Amino acid sequence: MADDYSVLGFETRAIHAGQQPDPRTGAVIVPIYQTSTYAQDGVGGTREGGYEYSRTANPTRTALEEALASLEGARHTLAFASGMAASDAVLRTVLRPGDHLVLGNDAYGGTFRLIDKVLSLWGVEHTVADLSRIDDVRAAMRPETKLIWCESPTNPLLGIADIAALAGAAHDAGARLVVDNTFATPYLQTPLALGADIVVHSTTKYLGGHSDVVGGAVVTNEDELREQLFYLRNAAGAVPGPFDAWLTLRGLKTLALRMDRHSDNADLVARTLAKHPKVTKVYYPGLPEHPGHEVAAKQMRRFGGMVSFRVAGGEEAALEVASRTKLFVLAESLGGIESLIEHPGKMTHASTAGSTLEVPEDLVRLSVGIEDGRDLVADLTQALG
């Protein structure tokens, strides 16, 4: 949904777009409309905004959707109960049995599971390709290809795809480009401005930002697609509750501040790890030696808060490092104010085992939080031994 804040800065829009003071009380924070139903002005006479039942629409959710649309530079956002619910809605709206999509060769394990194990039962096929190589992407496409599904940066190897080039390849073939913008957030990257057709988020991560809410979102400029997604969401019911929407909206207000600190700390951590004798490889697009560094610098404001690295000594050594940290909490998920550490092969990406998306067994993934960066470096240094 377009708003009146488009000429204002990101930080201003994060605080004000869709979040006008309550007209009745003057409350400066959007209320939590903890209601399931709404009084109608006569049979079929819904109030402005279409409020009749909170599965269909809720004012707190509307505020979140308007704010996130403004931050992504989009006309429409629809909030969902989780990032996977958002991804599922996109896939089931755009694809039909017999259709085909191209998936990156490094992707979140849950996305791979949904496409490989669930959509395959529905007759949808996929081909895996290196999205940083446009020729490989074009070679993977078929006449029945309807989607390219992209993460940039990718999870967990922090690969970078040229979003504008991918959009061109998709559109040349009559397909759409979907970009999962969870790692970057709209503060660091706005894929629609680069030519993408759809953006998805796990709002659980950086947008919520405090590890206290689960949610998802789909963003697009296409009016008809918005209506199709809205219909499916209402029919299937994968909506966030008003308190979930409120928590996510609260998180948006400090997104810019947090992402700058995440990026500061991740850069410090990545450069320190790159010099450590027990680290064989560091994956972080902010490092000049990263193969996607130049593309990332072109399409991102900064390089984000995710860092992955490989440990000398193989899987056993990687597991030991993950168990020794004191500030980095051993846990799945990412994007909260606290730092997290995990072993993707046995945790978030276990579903990719035996596939072309299988991750290295000596890989460790970090979600670098907003603590004192020096403390985080010291914690990793002692864990590596």
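This is a predicted model: local features need pLDDT of at least 70, side-chain atom pairs count only at pLDDT 80 or more; totals for chains, interfaces and linings use all residues.

**Helix α13.** I began with the length of α13, residues 373-384. At 1.5 Å a residue, its twelve residues should span 16 Å, and I found the end C-alpha atoms 17 Å apart, which agrees.

Next I asked which residues of α13 are buried. I noted Gly373, Leu376, Val377, Asp379, Leu380, Ala383 and Leu384. They cover an arc of only 160 degrees around the axis, which puts them on the same side of α13. That fitted what I know of helices: with 3.6 residues a turn, residues three or four places apart point the same way.

Then I looked for what covers these buried residues, and my list includes α10 (255-274), β8 (279-283), β9 (306-311), α12 (314-324) and β12 (363-367).

**Cavities.** How many cavities of 30 Å³ or more does the structure hold? I found two.

Of its 13 lining residues, Leu64, Ala79, Thr203, Gly216 and Thr248 are the closest to its centre. Helix α9 gives the largest share of that lining, three residues. I sorted the lining into eight nonpolar, four polar and one charged.

The second largest cavity holds about 40 Å³ of space, and it brought me back to α13, which gives four residues, the largest share of its lining. Val377, Leu380, Thr381 and Leu384 are among the lining residues, as are Val269 and His276. This lining has five nonpolar residues, three polar and no charged.

How values were computed. Residues are numbered from 1 along each chain as its sequence is written. Side-chain values use heavy atoms; hydrogens and water are left out. Helices (H or I, at least four residues) and strands (E, at least two) are DSSP runs, numbered from the N terminus. The expected span of a helix is 1.5 Å times one less than its number of residues. Buried means under 20% relative accessible area, exposed over 50%, partly exposed in between (1.4 Å probe, protein chains only). The arc is that of the directions from the helix axis to the C-beta atoms. Contact means heavy atoms within 4.5 Å. On a 1 Å grid over the protein atoms alone, a cavity is a set of points where a 1.4 Å probe fits but cannot get out, and a pocket is an open set with protein on both sides within 12 Å along at least five of seven lines; lining residues have an atom within 4 Å of a point. Grid points are joined across faces, edges and corners, and a volume is the space filled by probe spheres set on the points. Ala, Val, Leu, Ile, Met, Phe, Trp, Tyr, Cys and Pro count as nonpolar, Asp, Glu, Lys and Arg as charged, and the others, Gly among them, as polar.
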